[in-house]
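This report looks at helix packing, aromatic pairs and a few backbone details. The chain is shown first.

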Amino acid sequence: LSQFRFIPYSRLDDLMVSYAPDGGGVGPHFDSYDVFLLQGPGCRRWKISRQRDLALREDIPLKILKHFQSHGEAVLEPGDMLYLPPQFAHDGTAVGDCYTYSIGFRAPSHRELASEFLMFLEERLALSGRYADPDLALQDNPAEIAPAMIRKIGTILRGIRWTSRDAMDFIGSYLTEPKQQVRFQPPARALAFGAFSRSGRRDGVRLLPGSQMLYSGTKLFINGEAATAGAGMDALRRLADCRSLSGRRFPRNREIAELLYQWYRAGYISLNA
């Protein structure tokens, strides 16, 4: 994955390695993200299509295209790579036993972003008061929603506000949120803080493979959690960018060292030794 640092980690979704015997494949499909298909051992023939018909078959659980019309094909040998943008139809067939590495970069829909942001805001809403209508008038039609009620509730909903800071906190938490299958394993026999700091100054620390870490200004985000750093921000930025930190760069600031220790105890990072 370090070979793909020309694209920001904020876009990185995952790496999947797939194996197929001769003639094997998933079938014609499309992905909802940018993907680089890097060929490992063996060869795979890819058929690709710019078709707009993305209807899926209903008779199988996989999302396989109902109609697929190839517009071109190529055989990838070890080291070859094919890039496909979102919703670009493709179908790969193994030529002999083969492994393919799929490096995916997220491209969420606007609807997905809006939906996730609204759920994020739900936990932070600070709307006080309760609906009341002391001026309620008698209605001839009790099932009718009165215009006055619609106006009153519309006024309440217009009280929902968010700031650029809310947007930043959402982006950082959303983009680093672990996938459902990711499990963090705390160290079986964790070192005490003093021993951890000494080992960190000697050998350094590294992010474990399942961890995602991003930053913006003085705000850090790791695995869906937010933290603020001051004096040790340069070291933590380097940890996020390089996914490791040498002993020479291990922060001497106790507050930052304690933050790293929390992450170590949570199974987010480990010592390099």
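The model is predicted. Helix H4 spans residues 193-203, and its buried residues are Phe193, Phe196, Ser197, Ser199 and Gly200. These residues lie on the same side of H4, because they cover an arc of only 165° around the axis. The general rule behind such a pattern is simple. An α-helix has 3.6 residues a turn, so residues three or four places apart point the same way.

The face turned away from the buried side carries the exposed residues Arg198 and Arg202. What do the buried residues of H4 pack against? Their partners are strand S8 (205-207), helix H6 (254-266) and strand S13 (269-271). Just after H4 comes Gly204, with a positive phi of about 90°.

## H4 against H6

One of these partners, H6, can be described in detail. The axes of H4 and H6 come within 10 Å and cross at roughly 100°. An angle of 65 to 115 degrees counts as roughly perpendicular, which is therefore the label for H4 and H6. On the H4 side, the contact is made by Phe193, Phe196 and Ser197. H6 contributes Arg254, Ala257, Glu258, Leu260, Tyr261 and Tyr264. By class, the contact has six nonpolar, one polar and two charged residues.

Strand S13, another partner of H4, contains Ser270. Ser270 counts as buried because its relative accessibility is 14%. Beyond residues up to four places away in sequence, Ser270 touches Val205, Arg206 and Leu208. Ser270 and Leu260 are 10 residues apart in sequence. Their C-alpha atoms are 9.4 Å apart in space.

## H1 against H3

Glu112, Leu113, Glu116, Phe117 and Phe120 make the contact from H1. From H3 come Asp166, Ala167, Asp169, Phe170, Ser173 and Tyr174. The contact of H1 with H3 has six nonpolar, one polar and four charged residues.

## Aromatic pairs

How many aromatic pairs does a search of the whole structure find? It finds 18. In one of them, the rings of Phe117 and Trp162 have their centres 5.4 Å apart and their planes at 85°, so the pair is edge-to-face. Phe117 lies in helix H1, and Trp162 lies in the loop between helix H2 (147-157) and H3, so the pair ties together parts that are 45 residues apart in sequence. Phe117 counts as buried because its relative accessibility is 12%.

Phe196 and Phe250 form another edge-to-face pair. Their centres are 5.9 Å apart, with 70° between the planes. Phe196 lies in helix H4 and Phe250 in the loop between strand S12 (244-245) and H6, so this pair ties together parts that are 54 residues apart in sequence. Phe196 and Phe250 are both buried. Elsewhere, ring pairs link Phe4, Phe6, Phe36, Tyr83 and Phe105 into a cluster.

## Positive phi in two loops

Most residues other than glycine have a negative phi. Gln87 is not a glycine, yet its phi is positive, at about 60°. Gln87 lies in the loop between strand S5 (81-84) and strand S6 (89-95). Gln87 is partly exposed, with a relative accessible area of 47%.

Asn223 also has a positive phi, near 50°, and is a residue other than glycine. Its place is in the loop between strand S10 (219-222) and strand S11 (225-228). Is Asn223 buried or exposed? Asn223 is buried, with a relative accessible area of 5%.

Pro8 lies in the segment before strand S1 (12-20). At 47% relative accessibility, Pro8 counts as partly exposed. Pro8 and Leu236 are 228 residues apart in sequence. From C-alpha to C-alpha, Pro8 and Leu236 are 17 Å apart in space.

Notes
Residues are numbered from 1 along each chain as its sequence is written. This is a predicted model: local features need pLDDT of at least 70, side-chain atom pairs count only at pLDDT 80 or more; totals for chains, interfaces and linings use all residues. Side-chain values use heavy atoms; hydrogens and water are left out. Buried means under 20% relative accessible area, exposed over 50%, partly exposed in between (1.4 Å probe, protein chains only). Helices (H or I, at least four residues) and strands (E, at least two) are DSSP runs, numbered from the N terminus. The arc is that of the directions from the helix axis to the C-beta atoms. Contact means heavy atoms within 4.5 Å. Ala, Val, Leu, Ile, Met, Phe, Trp, Tyr, Cys and Pro count as nonpolar, Asp, Glu, Lys and Arg as charged, and the others, Gly among them, as polar. Rings of Phe, Tyr and Trp (its six-membered ring) pair if their centres lie within 6.5 Å; planes under 30 degrees apart count as stacked, over 60 as edge-to-face and the rest as tilted. Axes are lines fitted to C-alpha atoms, for helices over the stretch in contact, and angles run from 0 to 180 degrees between N-to-C directions. Angles under 35 degrees count as roughly parallel, over 145 as roughly antiparallel, 65 to 115 as roughly perpendicular and the rest as oblique.
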